[in-house]
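Hello,

Here is the structure I promised to pass on. Please open it alongside this email; my notes follow below.

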Amino acid sequence: MTRNHHSRPSRRALLGGAAGAALAVAAGSGSAGAAAATAVWPTRFALPDGWLPEGITIGRRPYAYMGSRADGAVYRTDLRTGEGRVVHEGGPGLAAIGLKLDHDGLLYVAGGGGGTARIVDARTGGLLRTHQLTESAGHFINDAVLLGDRAWFTDSYGPVLYGVPRGRRGDVRTLPLTGDWEQTPDVINANGLVSTPDGRGLIVVRMAAGELYRVSLRTGRASRIRLVGADDVVNGDGLVRVGRTLYVVQNRNNLVSVWDLDARAGRATLRRTITDPRFDVPATAARFGDRLYLVNARFTSPQTPETTFTAVAVRR
């Protein structure tokens, strides 16, 4: 059965979480007025049936973009109302895993098993460029982060990061992971990634091992981050960093662990965990104001065209 991208969840479903929402979000200046204005924003959003979400990104404006593993489409939701629509149609054989929105309205989309990084105009939905990072077998381009003049992507089945130019010029940079990094065959290794607090490197989660690494963009050397307060971050998927606070979405654990990083991102101390009864294997998260928005990938449920999917908001 083919999923109809143009079908929308009912307004009742879209706004189902609005009535009980009482979270204050500092969307702009952080003033009490702004917080009061956003306190009634919905905290649950329905996606089209069979969407198969995994990635989510939010820019400066209150719109969330969520990719589809089914065919690489992108869905945009207005965080203020819960209303949404497909902005990029995708196509057969495509996937949209992790994605990041640039300040110029460009979406950088990880293509999963296709080995690609695609650049999509978030305003028009048009596909601007496709970079073939790897062969289309034996690799999985999983997540993305924007840093400096490049968008960086993880390959979950290869010990390497890829740096795609932000702009029309420049070549893709291949950065092999060395140092403490140990690649385990046939499992998800590198998954989510964020920049370090000093902006000079990346933090990458090695999912199956439950480890965090600091990676030098100059050499590719990966140094394992010492965890204090917990042994691991097993099932670590998406990462969000705000200052020196690191949020790790541990998907099948149905929680987000919150860590305090030291100045060099060499040590992470567990501060607390975030759980919510609405979590159903959340994969990734994005921040807007005082909220984290997470997509429920539902990996432990049937992945069919009729399966329902949601995104939820929690206070960070």
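Contact here means heavy atoms within 4.5 Å. Beyond its neighbours within four places in sequence, Gly210 is in contact with Leu227, Asp232, Val233 and Val234. Gly210 sits in the loop between strand S16 (201-206) and strand S17 (211-216). Its relative accessible area is 1%, so Gly210 is buried. Gln250 is 40 residues from Gly210 in sequence, and the two C-alpha atoms are 9.1 Å apart in space.

A word on confidence. This is a predicted model. The protein chain averages a pLDDT of 90, and 88% of the residues score at least 70. Residues 1-34 have a pLDDT below 50. That stretch still has 68 contacts in the model beyond near neighbours in sequence. Where pLDDT is low, the predicted coordinates should not be read in detail.

Next, the core. The largest nonpolar core has 20 residues. Ile56, Ile58, Met66, Leu79 and Tyr293 have the most contacts inside it. At least two core residues come from each of these strands: S1 (44-47), S2 (53-58), S3 (63-68), S24 (282-288), S25 (291-296) and S26 (309-315). S26 gives the most, with three residues.

Leaving out residues up to four places away in sequence, Leu79 touches Trp41, Pro42, Phe45, Ile58, Pro62, Tyr63, Ala64, Phe288 and Tyr293.

Now the aromatic pairs. How many are there? The count comes to five. Two of them are worth a look.

Trp51 and Tyr75 pair edge-to-face, at 5.7 Å centre to centre with 65 degrees between the planes. This pair links distant parts of the chain, 24 residues apart. Trp51 is in the loop between S1 and S2, and Tyr75 is in strand S4 (residues 74-78).

With a relative accessible area of 39%, Tyr157 is partly exposed.

Best wishes

How values were computed:
Residues numbered from 1 in each chain as written. Predicted model: local features only at pLDDT ≥ 70, side-chain atom pairs only at ≥ 80, totals over all residues. Heavy atoms only, no water. Core = buried A, V, L, I, M, F, W, Y, C linked by side-chain atoms within 4.5 Å. Buried < 20%, exposed > 50% of the residue type's maximum accessible area, 1.4 Å probe, protein only. Helix = DSSP H or I, 4+ residues; strand = E, 2+ residues; numbered from the N terminus. pLDDT = per-residue confidence, 0-100. Phe/Tyr/Trp six-rings, centres within 6.5 Å; stacked < 30°, edge-to-face > 60°.
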